[in-house]
Amino acid sequence: MHPVVKPALRRGWRDLNTVQFGMTPAHAMTLGPVDTATGSFLELLDGTRGLPLLREQAPRMDLPDGHVDRLVERLARAGLLDDARGGGEAAQALRAKKDVLDRLRPDLESLSLTTSAPGEALALLAARRDLRVQVRGAGRVGSAVAALLSAAGVGEVDVRDTGRVEPWDVAPAGLPVDTVGERRDEAARRAARRAAPDRPPRRTRSPGEDGGPPLSLVIIAPRDDVDVHAPAPSAADGLVSSGIPHLYAGVVEATGVVGPLVLPGESACAGCLHLDRADRDPAWNRMVAQWRSGRRRPVRPCDLTLATTVAGLAAAHALAFLDRGLAAAAGARWEVSLPGLQWHARPLWPHSDCPCAAARSSSGKDEGEHALEDGGGHETMSVQRSSTQVRRRARAARPAGTWRAHV
């Protein structure tokens, strides 16, 4: 291990014996009491030295035997430490591609703030290269989502749509102006490939046919505003039956929508949404039928900045799920409307009459939410962190006595 204090966290001394890592309440921690020698030793944790060399350095700084190992262990348990050579073979292969890694360094630093184990951030970033994501819809939202995921290092991003690019499909984060008149799906795929930091080999077969992994996630971003507001359950029947997670996103009448993230058999799907709204509104089915049978408009209201905002949030939810199984958008539709721009989460529960069977499996299910626990101090130092509730995988272990609310 070549320990390095995570450089993404700004460091400052609250007093002579207490150092704070990070600025924001979500990620800031304090470490103390820290004596002068230990404070100086922290500067050596920059990833250029292995543990044997650090142990040799300790006596020269008047640090007692075993102090280096105890310090490194506690920093690692607190999530403050990274490993400059950790992450496994895939991470090492990514390190060898300096140009690619340089493109992804801001993403790597961000991942380091939301991971605990040394080397975990780069391991997650490298694992994105093996993921397969499909985006259904190549309008202002869908094309931008595809480009964002590709730029974030997702290895294969496929886009499905029909028709040709119209002038109103063009967006800075999605389809460029020179694609007007081209097939939407092909233009969006090229835009996604151009955004990628590294271009993996193009596949000619469908996911799973060539022995590769199946689709990790499907993002449904319809250009039709009725499909955004009232997604047709039949459009995702194949995804539900095959167990493929899928996330909805789009813009309808100056309102951006992200979610739900559907985990087939576990969380509410489009069918649950349809049944729930029919229960609450007796006219729902009649209204949907009129919306779908009405005269189709070639241009629908889709503010450029709102579409880009929705694409960004959808891509962020997608990466949180792909990286670590975090499913904040499961069971909820996030909505934001112009001009107020205040996000609201509208809960969506599995419906007992929906054939997806999520209602039967959701009762008593542990979704893996854990609140950060208050903990006592260690013998020579204590680490404190905000008690913001986070969602972790159920199997992720949290060291006892490490976190306390402070910042």
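Q: What links D158, R160, R183, D185, E186 and R189?
A: A network of salt bridges ties these six residues together. Keep in mind that the model you're looking at is predicted.

Q: What makes D185 and R189 a salt bridge?
A: Their closest N and O atoms are 3.7 Å apart. The cut-off is within 4 Å, so with 3.7 Å the pair makes it.

Q: How far apart are D185 and R189 in helix α8, in terms of turns?
A: They're four residues apart in α8 (residues 184-195), so about one helical turn separates them.

Q: Why is D185 called buried, while R189 is called partly exposed?
A: D185 has 5% relative accessibility, and buried means under 20%, so D185 counts as buried. R189 has 21%; partly exposed runs between the buried limit of 20% and the exposed limit of 50%, so R189 lands there.

Q: Where does D158 lie, and how do you know whether it's buried or exposed?
A: D158 lies in strand β7 (residues 156-160). Its relative accessibility is 15%, which is under 20%, so D158 counts as buried. Leaving out residues up to four places away in sequence, D158 touches V133, Q134, V135 and R189.

Q: Why is R280 called exposed, but D276 partly exposed?
A: R280 has a relative accessible area of 59%, and exposed means over 50%, so R280 qualifies. D276 has 22%, which falls between 20% and 50%, so D276 counts as partly exposed. These two form a salt bridge as well, with closest N and O atoms 3.0 Å apart. Both lie in helix α11 (residues 270-280), about one turn from each other.

Q: What makes W284 and W291 an aromatic pair, and how do you know whether it's stacked or edge-to-face?
A: The structure holds one aromatic pair. In it, W284 and W291 are 5.8 Å apart, centre to centre, and the limit is within 6.5 Å, so they pair. Their planes are 80 degrees apart, and over 60 counts as edge-to-face, so that's the name this pair gets. W284, at 6% relative accessibility, counts as buried, whereas W291, at 36%, counts as partly exposed.

Q: Which side chains cover the faces of β4?
A: M29 and L31 are on one side, T30 and G32 are on the other, and all of them are buried. In a regular strand the side chains alternate between the two faces of the sheet. Strand β3 (residues 18-21) runs antiparallel to β4 and is joined to it by three bridges; in one of the links, Q20 has T30 as its bridge partner.

Q: How do you know where to be careful with this model?
A: Over residues 366-407, pLDDT stays under 50. Where pLDDT is low, the predicted coordinates should not be read in detail. For the chain, the mean pLDDT is 86, and 85% of the residues reach 70 or more.

How values were computed. Residues are numbered from 1 along each chain as its sequence is written. Side-chain values use heavy atoms; hydrogens and water are left out. Buried means under 20% relative accessible area, exposed over 50%, partly exposed in between (1.4 Å probe, protein chains only). Helices (H or I, at least four residues) and strands (E, at least two) are DSSP runs, numbered from the N terminus. Two strands pair if DSSP finds at least two bridges between them. Rings of Phe, Tyr and Trp (its six-membered ring) pair if their centres lie within 6.5 Å; planes under 30 degrees apart count as stacked, over 60 as edge-to-face and the rest as tilted. pLDDT is the predictor's confidence in each residue, from 0 to 100. Contact means heavy atoms within 4.5 Å. A salt bridge is a side-chain nitrogen of Lys or Arg within 4 Å of a carboxyl oxygen of Asp or Glu.
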